[in-house]
Amino acid sequence: MARVMRNFVERHTFWAIVLLLVVALFLLMIFAVWPDWLVEAMGRKKTFVNTLLNGITLGGLYFLVASGFTLIFGLMRNVNLAHGSMYLLGAYIGYEVADRTGNWFLGLAVAFVAVALSGILLQVLIFRRMADDDLRQTLVTIGISIIAADAMLAIWTGTTYQFSPPDWLFGATTLPVVSVVKSSGAAVYIKYPVFRLVVLAIAVAVGIGLWVFLNRTRIGMMIRAGVNDREMLSASGVNVQLVFVLVFAIGAGLAGFAGVIGGTALSVAPGEDIRYLLASLVVVIVGGLGSISGAAIGALIIGLAEQFGLAYFPTYGVVLTFLIMVVVLAVRPQGLMGGR
Amino acid sequence: MDSRGLFSGSFSIKDVHPAILITAVFLVAYPSFATDFFIFQIGAYSLILGTIALSLMMLAGYGGMVSLAQLTVAGLAAYLMAILGDNSMGVMGLGWPWWLTVIVSVLGAALFSTFIGAVSVRTEGIYTIMITLAVAVAFFYFVRQNYVLFNGFTGFAGVEPPTLFGIYWRDPVPFYYLTLTVAVGFFGAVYYCARSTFGLALQAIRDNPRRMRALGFNVTLHRIVAYFFAGVIAGFAGVLLVWFNGRVSPGTIGVDVAIDILVIAVVGGLRHPVGPFLGAIAFVLLENFAIDLIDRERFNMVIGTAFLLVVLFSPDGLLGLWNRFRDKFRFRGNALLGDERVSKNDPTSTGSLEKN
C-alpha cells in the first residue's frame, strides 16, 4: 500500500497536494471551533459534522453493496441487475431470523449464507448456460429482479421493518469533537449513533478482508488471473466454473450481508432494492467496473455527495450524484480506477 | 422484396405483402367495431407504449445500444407539456399555445436523449444499460424530490389535448386515429431509416465498430444521432402519453415502468420495427385481462416470468417464434415452393444483437 501511495504521489504530484489540502481542510473544519462568519456561511457546525459522518458511513454501506456487484462483474462480465433484490432478500431473511431467535448476529450470518446460496443457484442454473452473452445475462437478471421484487412483496407485504440489534450497538456516543462553546465557556460535544460507526468499521474490515483475500491467497490469485484472462486461467488447469461459483457466492453473500447492515442502520421496505441497485450502479460507474478499490472510492464520493446534497440543497440532491457520474464519464469513461 | 428492388426506388402495390394490407385495413377500421374501452384503453394505449418501445427497438436492434432511459425521455416530454402548457395543479403551467408546447417538449426530449447518448456512447456495450438505468432512476428520484419545477410526489394533472377543427382530441376515436398516425408514421420512418445509408452504417457499427472506425465512419456521431432520432420518437410518444393519462407523476416514469418498456420491446422482438407493437399489444391485453386469471397484485410476477421465458428460450421474442414457425412450415413446403424462401428473407433480420 505504501508503495502504491508513493507511486501516486510521484506521478500525480499536483493532485496529491490538492487531495492533501482538502483532507486537511476537512480535518480542520471538524476539530476547530467554528468562527461566526463560517457559521453564517455554512450553517451550524453540528449539521456539517453530522452530514460528513453520515456521508462516510453511507459510503461504507454503499461499498458493502457495490463490492459484491463489482467483484462479480470483474470476473464474469455479468452485470447483475438483480443485485438490489439480493440486498433486499438478505435484509428480509436476516430480519426473520433475528426476530425469531432474538440473535442479531445469527440473522447477519444466515442472510449472508442464504443469499450466497441463491447466488450459487443462479450461477449454476442460469448464467452458466449463457456464458459470453452478457446482454442476455443482463436481461435475465432484470427478469429475475422483477419476479423477486413481486415475490418479496407478496411474502413480506409493504410493511417497513425495523431491526433490533443488541443494545451495546445502539444508542449514541459522544465524539471528541466540539460543536459550540457556550457563553459560559462549557464545550458542547457532538453525539453520534454508535451503529453508524459500526457500519463504517465493518465496511473497512470487509474492504481489508477482500484485499487480503484477493492479493494474499491462492484463490484470490486465481480470481485476479481470471479477471485478466479467463481462457488462459482455464488453460492452466484451473476449474474456472468453480471459481465463478465461488465469486458469485461471495458477491451475492455480500449483498445479503449489506442488506442486514443497511436494514439495521436505516430500515427495510419494498423499493429499497431499486435504491441500492442505483447506488451500486453509480458507485461502480464512478469507481470503475471490476475494481474493488474503485468501489471504495466511488462509494465514499457518492455517499458524501448524497448526504451533502440532502443537507445543503434538498430538492436537487440527486442531481449532484448524477452530475458526478456524468463528469466522471466525460473525463474517464472507464471510471476513476477502471483499467480498461 | 429482393435486395435490388429495395434500393432502386421502384415501388408498386404488388410488392406489398397481403398481410400488411390486411393489417392496415384492420387498424383503420378498428374503431368501427370496437367498444370505446377497446379503442382507448387497449388500442390507443398499445400504440403509445409501442411507440416508446419502438424508440428502444431502434437503438437496441439497429444500434446495439439497449437504453433503459427511453421512458425517461418520454416522461420529460410529458412533464414539459404540463410545465409549459396548462395543468390544473397551480404549479408552473406557463400557458404556452399547444403547438409551441408540443414542439418544445419534443425537442427538449430529443435533446435530453442526445445528452444521454453523448454520455453513454463513450463506453462500450454493457455499460450503456447501466448508465441509462442510472439516468432513469436518478430522474425518477429527482422529479419526486423537486417541488418547484416538477411538483414532487403529486406531479401534474389536468393536461389536455387542444380542441381543434371542432374535435375534442381526447375522445376515444379521434385519439385513436391520432396515436395511429403517429405510430404508423414513426414505424415507417424507422423502417425506412433501417434501409437508409445512415441506418445501414448504424447496423454495421453495431456489428463491428472497430472496422467501421477504420473505414472512416464517425462511430460516436452515428450513435449520438441515433439517440437524437430515438428521442424524437419517444418525445412524441410522451406527448401522447400525457394526453392519454391527462396527468403525469413520478409513478409514470418509475423504474418498473421503464423496465416494462424493455419487456415490451424484448418480448415483441428487437429485429423488426413491428416487434415493439406486437409486444405492446400482448402487454396491454395481459395487463387488462390477466386480472381475471390471477390476483391483480401478482401482475408483475406474470410479466417477469413471461419476460424471463422469452429471454431464456426465444431471444428474438414473439417475432422470433413466428419466424421459427414460418421457417418450419416453409421447410416442409420447400419442395413445392422452390427457392422462394431465400428471396423473401428480410435483409435486416439477419443482424445480430451480440455485443462486439
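Me: What makes the length of helix α10 of chain B close to the expected one?
Reply: In this predicted model, α10(B) covers residues 219–245, 27 residues in total. From first C-alpha to last the helix reaches 38 Å. At 1.5 Å a residue, 39 Å is expected. The two values are close.

Me: How do you know whether α10(B) is mostly covered or mostly open?
Reply: Buried means under 20% relative accessible area. Of the 27 residues of α10(B), 20 are buried. The helix is therefore called mostly covered.

Me: What comes just after α10(B)?
Reply: B:G246 does, with a positive phi of about 75°.

Me: Why is B:S113 called buried?
Reply: Its relative accessibility is 0%. The cut-off for buried is under 20%. So B:S113 counts as buried. B:S113 sits in helix α5 of chain B, residues 98–120.

Me: Which residues does B:S113 contact beyond its neighbours within four places in sequence?
Reply: B:Q70, B:V73, B:Y227, B:A230 and B:G231.

Me: Why is A:A114 called partly exposed?
Reply: A:A114 has 24% relative accessibility.

Me: Why is the pair A:R100 and A:E96 called a salt bridge?
Reply: Their side chains meet at 2.9 Å, N to O. The cut-off is within 4 Å, so the pair qualifies. Both residues are in helix α5 of chain A, residues 83–101. They are four residues apart, which means a separation of about one helical turn. A:R100 is exposed, because its relative accessible area of 68% is over 50%.

Me: What makes B:D207 and B:R206 a salt bridge?
Reply: Their side chains meet at 3.0 Å, N to O. B:R206 is buried at 7% relative accessibility, whereas B:D207 is partly exposed at 31%. Over all chains the rule gives three salt bridges.

Me: How many salt bridges cross between chain A and chain B?
Reply: Zero, by this rule. Three residue pairs in polar contact are counted between the chains.

Me: Which helices of chain A each supply at least two residues of the side that touches chain B?
Reply: α4 (45–76), α7 (134–156), α12 (272–287) and α14 (317–331). α7(A) gives the most, with 15 residues. By class, that side of chain A has 35 nonpolar, six polar and four charged residues.

Me: What is the area buried between chain A and chain B?
Reply: About 3800 Å². Carbon and sulfur atoms give 78% of that area. The contact takes 45 residues from chain A and 39 residues from chain B.

Me: What percentage of chain B counts as buried?
Reply: 53% of its 356 residues. Chain B has 15 helices and four strands.

Technical notes
Residues are numbered from 1 along each chain as its sequence is written. Chains are lettered from A and ligands numbered from 1 in the order in which they are written. This is a predicted model: local features need pLDDT of at least 70, side-chain atom pairs count only at pLDDT 80 or more; totals for chains, interfaces and linings use all residues. Side-chain values use heavy atoms; hydrogens and water are left out. The expected span of a helix is 1.5 Å times one less than its number of residues. Buried means under 20% relative accessible area, exposed over 50%, partly exposed in between (1.4 Å probe, protein chains only). Contact means heavy atoms within 4.5 Å. Buried area is the accessible area (1.4 Å probe) that two parts lose on being put together, summed over both. A polar contact is a pair of N or O atoms within 3.5 Å; within protein, one must be able to donate a hydrogen and the other to accept it, and residues adjacent in sequence count only if both atoms are side-chain atoms. Ala, Val, Leu, Ile, Met, Phe, Trp, Tyr, Cys and Pro count as nonpolar, Asp, Glu, Lys and Arg as charged, and the others, Gly among them, as polar.
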